Structure formats: structure tokens, C-alpha cells
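Please read them with the sequence and the coordinates open beside you.

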Amino acid sequence: LFTLLAVMVQKKKAAAAASGKKAVSTGRPRGESRNRELIKGVNALGRSEMYSKKGKWAVKNKTITKKATKETAPAKAPRFYPAEKIPHKLANNKKNGTAKLRSSITPGTVLIILSGRFRGKRVVFLSQLPSGLLLITGPYKVNGVPLHRVNQAYVIATSTKVDISGVTIPASINDAYFAKPKSETKKKSEKEFFAAEATANVISEQRKSDQKAVDAAIITAVKGQQLLKAYLSSRFTLTKGQNPHELVF
């Protein structure tokens, strides 16, 4: 069969040469396999011959030199690690400003303190300090509450008001006025630690004079209103069956 095909191709070439015409190349159509099929299921070329025809051997044997890259050593693990998870502070760009004063709190309003050592006491509101805290007073002679700072979140504003138009608040009463003095921290020995006695807080003469100056005009205004002194001196409490949300202050 192969011999017959070869003879036919040679005859065509000889006939084309005798006639003086150039042999027309009968190339294979695009997409057709190089390996022709002799009969169904039998190809003319074997696997190794097709491998050499395709030229894949040239690509396979070609040596490709890769560019050398600098190797970095892996990061060394820490020798020690925390036993517990340590929380990290998140970044916060929020700037704290002065809290806005509630519309129900005006100078002279009687407030009920809800927290702290004076909880349940009725006090008189004087002004708002630069820090946003409220400056209040008892007065001290009426219910024992001195000049004090309190957060407006821990007070209830009542409808009762005291005329404080005659009260003059000294300019020295500000946030620094209520700051605790810094004490020197010195390491004590065992004998000094047990021998040391607790020092009592001594109220300065300036605070006493400021308290009297502020309370003088308020006490005069309190005495001018009937039952107001008894109202300020009494402590706010809830009895059984009283619901706070139903009360009108």
C-alpha cells in the first residue's frame, strides 16, 4: 500500500516536470492532523514518529535558566509569649468636649443626687464648670452637702427653684479647685509601714470661707420660701408601690 502511494506521487511529479509546470503543493487544510488515517482506527504514523514531527522534544530538552532570587530567612519565633491575651488600645480620634447642659437644669434648680456619698440629697445647682460637671451646694448648714462637683447623668432635675440672683461665685472655684493635692510617694520600710497612722483630711480655711460666702445668699432665699428648708433637708426615698417613672419631680 505504501509503495503504491509513493509510485503515484512520483508519477505526478514527473508529469508536472514534463509539461513545464510547477508542481502544485497539495498542503493539508488548517486544523487537520499531520497523521493521516489509513483505515478507521489505524493511523499512518506511530506515537514516537508524531512526537519527533511535532518538535516537542526540542522544547523539552531546552534548558531555561531562571533568575536567581535572594532568599530571605523566615522570621524567628519569639522566645517568650504572653500567657493571656493582652488587649490593645484601639486608635480613637474623638475629642472630648464639654457636655451640653440639659434644658431642665438651670441656675437655682433643685437637683436630686442619685449616686455617691450624697445620694438621695436635694441640692441647689449653681453653674456648669468648663469640664462639663455641675457645681452644686446643699447648702451645707441645711443638709450637710458642701460645694461639690457632680455629673449631670447622676441627678434628677426637679421643678423647684431657688432664687440665686444674689449669689456671687468666686472666680477661684473651678475644676482645679477640687483637684486633690499630689502626695509624695516614698517607699517605706516594714517598720515605717506599720507605724504610719492614717492622716485625716483637713479642710482648708479658704474652702470654709468660700462655702460661707456662697451659702449666705442661698440660705436667705431658702428662708423666704415656705417649707423649702424642710424640703432640702429631707432625703429622697422610694416607698413600696411608688414607681419612679410615674412621679412628677
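1. The sheet is the place to begin: five strands make up an open sheet in the order β6-β5-β4-β3-β7, with antiparallel pairing (strands, E of at least two residues, and helices, H or I of at least four residues, are DSSP runs numbered from the N terminus; two strands pair if DSSP finds at least two bridges between them). Its edge strands are β6 (148-150) and β7 (155-161), each of which pairs on one side only. On average, neighbouring strands of this sheet are turned by 45° against each other, direction ignored (axes are lines fitted to C-alpha atoms, for helices over the stretch in contact, and angles run from 0 to 180 degrees between N-to-C directions).

2. A word on the basis of these points: this is a predicted model, in which local features need pLDDT of at least 70 and side-chain atom pairs count only at pLDDT 80 or more, while totals for chains, interfaces and linings use all residues. Residues are numbered from 1 along each chain as its sequence is written, and side-chain values use heavy atoms, with hydrogens and water left out.

3. Strand β4 (residues 122-128) is joined to strand β5 (residues 134-137) by four bridges, and the two run antiparallel. Within this pairing, Val124 stands opposite Thr137, and Gln128 has Leu134 as its bridge partner. The two strands form a hairpin with five residues between them, and Gly132 in the turn has a positive phi of about 100°.

4. Strand β3 (residues 109-113) pairs with β4 over three bridges, again in the antiparallel sense, and here Leu111 stands opposite Val123. Five of the seven residues of β4 are buried, so this strand is largely enclosed by the rest of the structure (buried means under 20% relative accessible area, exposed over 50%, and partly exposed in between, with a 1.4 Å probe and protein chains only).

5. The structure contains two salt bridges (a side-chain nitrogen of Lys or Arg within 4 Å of a carboxyl oxygen of Asp or Glu). Because Arg149 lies in strand β6 and Asp175 in the loop between β7 and α5 (190-195), the pair ties together parts that are 26 residues apart in sequence. Arg149 is partly exposed, at 27% relative accessible area, whereas Asp175 counts as buried at 19%.

6. Glu205 forms a salt bridge with Lys208, where the closest N and O atoms are 3.9 Å apart. Both residues lie in helix α6 (residues 205-223), three residues apart, which is about one turn of the helix. Glu205 counts as exposed at 58% relative accessibility, and Lys208 as partly exposed at 40%.

7. There are two aromatic pairs in the structure (rings of Phe, Tyr and Trp, the last by its six-membered ring, pair if their centres lie within 6.5 Å; planes under 30 degrees apart count as stacked, over 60 as edge-to-face and the rest as tilted). The ring centres of Tyr177 and Phe178 are 5.2 Å apart and the planes stand at 80°, so this pair is edge-to-face. Tyr177 and Phe178 are both buried.

8. Finally, Ile39 lies in strand β1 (residues 37-39) and counts as exposed, at 55% relative accessibility.
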